[in-house]
Amino acid sequence: MSPVRQTTLATRCEASGHGLHSAEPVEIALLPADPDTGIRFRRTDLAGAPEISARAGQIRSVEWETSLRAGSVEVRTVEHVLAALHGSGIDNAIIEIDGPEPPALDGSAREWCGMIEAAGVCEQGADARILRLDRPLTLVSGESVYAMLPDTGFRVSTSIEFEHPAIGRQFVSARVDRSTFREELGGARTFGLAEWEGPLRERGLALGATPENTIVVGEDGVERGCELRYPDEFVRHKALDIVGDLALVGARLECHIVAERPGHRGNVAVAKKLSRELNGDGPAFDIQKILEYMPHRYPMLLVDRILEFEERERIVGLKNVTINEPFFAGHFPGHPIMPGVLVVEALAQCGGLLLMNEYDDPADKVVYFMSLDGVKFRRPVTPGDQLVFEVEMLQLRTKACRMRGVARVEGKVVAEATMMASVVDK
């Protein structure tokens, strides 16, 4: 089998417009790049034209958009242009941009794909980086559930479900390659319910959304001027977002992504997981790093490792529950059940790791939890269970935070709570 070579653009291509969220005017150019450059954004409006690599390690925000940051330099809403490059098989490109956000264009990847096709694709001498999965992987992020399966190419299958009758439940499955992406997924536009407009704009989001770049769904269905390009355009756009977010792996993908109710937060968690697979990395935090950050020791250290970590955003931890746990001797003899308070304690420890990462001297700090709200226990935890804890940062101040935690066994919720914590000196 002949090797797969890296590619770049044959020539420069340009576009201009307004950002989807910022509404700021912007000009952008996609340029050829040398082998092994990857995809890089270059902020030409800033002194020194600093660059940000489009890699999972640069992810800054995943709320309603995917944003990248390097130091104080940020580029937001990168998913559509990255989807076009990824779907077109481009490995290396420089994206020059004179503002913080690419132009929305028509709210899809179709015009980006057209620009790339017009510029041409040039094969390079170096071998492409390829991630070939050799085993299934799974990931749960909030209500989003993902399976990553071995495959000979890149396929995305996704389902969404909205209560609005104009959307309802939709499913799509599509191969992602240069010959199919533009027609199958590339033309699907971003969308939103009319009732979201006010809350989003109060938060400085969707300021550049118009009927030309956003499908708006009102009480009576799709609003005038937003006629659908596909009967299932909503789920196709969600699949497009997956393709764009997984460009942050920095490699060609040979896997089948199956996603239920995907969102940017879950997509980038998948990108980080696949990046670790590509680079042969272990867990985000192993037990040695946990011991460096946490004062807890046997029998009160209740987290074995950290699987996923998004700075200031989210953490996923794991504990293997065995019959040798000391609490099973008395809780209860002949009917071992992990005390619910210890399940919540393990959630809190994961939250503490997320918070302690903010400090350069974690060994000199300790996390105190100030309150627990909305604590619910859904089902018992017994020997042989593998607990997976997901904690999301809701609010972060100088030395205090509010977090939401959910504990699951085999994807089923066993406990949940909202937690307030602060960091103090020992």
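**View 1. Helix 1 passes helix 2 in a right-handed crossing.** The model is predicted. The axes of helix 1 and helix 2 (residues 110-119) cross at roughly 40°. They come within 8 Å. Helix 1 and helix 2 are therefore oblique to each other; angles under 35 degrees would count as roughly parallel. From helix 1, the contact takes His80, Val81, Ala84 and Leu85. From helix 2, it takes Trp112, Cys113 and Ile116. By class, the residues of this contact are six nonpolar, one polar and no charged.

An α-helix has 3.6 residues a turn, so residues three or four places apart point the same way.

**View 2. Helix 1 is largely enclosed by the rest of the structure.** Helix 1 covers residues 79-87. How many of its nine residues are buried? Nine of the nine are, so the helix is largely enclosed. The buried residues are Glu79, His80, Val81, Leu82, Ala83, Ala84, Leu85, His86 and Gly87. Among them, His80, Val81, Ala84 and Leu85 belong to the contact with helix 2. After helix 1 comes glycine 89. The phi of glycine 89 is positive, near 75°.

View 3. A disulfide needs sulfur atoms within 2.5 Å. Is cysteine 113 buried or exposed? Cysteine 113 is buried, with a relative accessible area of 4%. Cysteine 113 also sits in the contact of helix 2 with helix 1.

**View 4. Cysteine 226 is buried.** Its relative accessibility is 1%; under 20% relative accessible area means buried. How many disulfides does the structure hold? The count is zero.

**View 5. Helix 5 and helix 6 make a right-handed crossing.** Helix 5 spans residues 233-246, and helix 6 spans residues 264-279. They pack at an angle of about 40°. Their axes are 9 Å apart. Helix 5 and helix 6 are therefore oblique to each other. Which residues make the contact? Helix 5 supplies Asp241, Ile242, Asp245 and Leu246. Helix 6 supplies His264, Asn267, Val268, Val270, Ala271 and Leu274. The residues of this contact divide into six nonpolar, two polar and two charged.

Note on methods: Residues are numbered from 1 along each chain as its sequence is written. This is a predicted model: local features need pLDDT of at least 70, side-chain atom pairs count only at pLDDT 80 or more; totals for chains, interfaces and linings use all residues. Side-chain values use heavy atoms; hydrogens and water are left out. Buried means under 20% relative accessible area, exposed over 50%, partly exposed in between (1.4 Å probe, protein chains only). Helices (H or I, at least four residues) and strands (E, at least two) are DSSP runs, numbered from the N terminus. Axes are lines fitted to C-alpha atoms, for helices over the stretch in contact, and angles run from 0 to 180 degrees between N-to-C directions. Angles under 35 degrees count as roughly parallel, over 145 as roughly antiparallel, 65 to 115 as roughly perpendicular and the rest as oblique. A crossing is left-handed if the near helix is turned anticlockwise from the far one by less than a right angle, and right-handed if clockwise. Contact means heavy atoms within 4.5 Å. Ala, Val, Leu, Ile, Met, Phe, Trp, Tyr, Cys and Pro count as nonpolar, Asp, Glu, Lys and Arg as charged, and the others, Gly among them, as polar.
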